[in-house]
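User: I'm new to reading protein structures. Please take me through this one, a question at a time.

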Amino acid sequence: MTDYVTLAGGCFWCTEAVFKDVIGVESAESGYIGGHVPNPTYKQVCGGDTGHAEAIRIGFDPEQLKLGDLLDIFFATHDATTLNRQGNDVGTQYRSAMFPADDAQKAEMEAALERAQADSPKPIVTTIEPMDTWYEAEGYHQDYWETSGRSNPYCMAVIPPKLQKLRKSFAARSKAAVNA
C-alpha cells in the first residue's frame, strides 16, 4: 500500500532529488499547491502572484518508511527557518509548508515540527496549510535532477550538498549510501 504526503521545501527540483534517494519512497512528483489560480504554469508560479508553493507529492511505503521519519528528513534537508526563502530563491512560492491529507498526517506534522524546533536555535517558520488542489508541474520538471539537473549550474550548487546531508545524517535511509 502506498501513502502520500505533500511537502514544500523550496525549489521542487531540489526536494524531489532528495526524496528520490530515500528508501521507502516510491514516487516524488513535482507540482504546485496552495494558491488561487487554477492550472498554474511554472512561469506564473515563479512570478509569485498565484499563491502556490513549489511542492512535491511523495508516495511512500509506510511499511518501509514511517511518516515521522520522512518528515524528519524533510526538516533536515532544507532550511525551515527562513520565511519564504530557500537560499537565493525568494518568494512565497519557495515557502516551507506541509499539506496534511487528514488529521493523522496533521498530528504527525505537528510532532515533526516540534522535534525540528527542539533541534534548532532559530524559530522554525514551516507552516501546516490545508490540503488544496494539487497541480502536477509540467513534464520537464519531473525527475529533473536525473534528466536535466546535472547540466544546470543552480542544481549543481544546491542539490549535491542536500544529498550529502541526507547520506551522512540518514545513511540507513539513503538508497545511494546503502548501495555504496
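User: Leaving aside its neighbours within four places in sequence, which residues is Gly59 in contact with?

Analyst: Quick heads-up: this is a predicted model, where local features need pLDDT of at least 70, side-chain atom pairs count only at pLDDT 80 or more, and totals for chains, interfaces and linings use all residues. Residues are numbered from 1 along each chain as its sequence is written, and side-chain values use heavy atoms, with hydrogens and water left out. Contact means heavy atoms within 4.5 Å. With neighbours up to four places away set aside, the contacts of Gly59 are Thr2, Asp3, Tyr4, Gly24, Val25, Glu26 and Ser27.

User: What relative accessible area does Gly59 have, and is Gly59 buried or exposed?

Analyst: Gly59 sits in strand S3; helices (H or I, at least four residues) and strands (E, at least two) are DSSP runs, numbered from the N terminus. Buried means under 20% relative accessible area, exposed over 50%, and partly exposed in between (1.4 Å probe, protein chains only). Gly59 has a relative accessible area of 0%, so we call it buried.

User: How many Å separate Gly31 and Gly59, C-alpha to C-alpha?

Analyst: Gly31 is part of strand S2, residues 25-33. Gly31 is buried too, at 0% relative accessibility. Along the sequence Gly31 and Gly59 are 28 residues apart, and in space their C-alpha distance is 14 Å.

User: How far is Ala97 from Thr6 in space, C-alpha to C-alpha?

Analyst: Start with where Ala97 is: strand S6. Ala97 is buried, with a relative accessible area of 0%. Its C-alpha is separated from that of Gly59, 38 residues along the chain, by 17 Å. Ala97 and Thr6 are 91 residues apart in sequence, but the gap in space is 8.8 Å.

User: Which residues of H3 are buried?

Analyst: Helix H3 covers residues 67-76 and is mostly covered, with 7 of its 10 residues buried. Among the elements covering those buried residues are H1, strand S1 (3-9) and helix H4 (103-118). The buried ones in H3 are Leu67, Gly68, Leu70, Leu71, Ile73, Phe74 and Phe75.

User: How are the rings of Phe74 and Phe75 arranged as a pair?

Analyst: Rings of Phe, Tyr and Trp (its six-membered ring) pair if their centres lie within 6.5 Å; planes under 30 degrees apart count as stacked, over 60 as edge-to-face and the rest as tilted. A search of the whole structure turns up 5 aromatic pairs. With ring centres 5.3 Å apart and planes at 65°, Phe74 and Phe75 are therefore edge-to-face.

User: What is the relative accessible area of Asn39?

Analyst: Asn39 lies in the loop between S2 and helix H2 (42-46). Its phi is near 50°, which is positive in a residue other than glycine. Asn39 is exposed, and its relative accessible area is 59%.

User: What is the radius of gyration of the protein?

Analyst: The protein has 7 helices and 8 strands. The globule rule gives 16 Å for 180 residues, and the protein's value is close to that, so it is as compact as a globular protein of that length. The radius is taken over C-alpha atoms, and the rule is 2.2 Å times the number of residues to the power 0.38. The protein's own radius of gyration is 15 Å.
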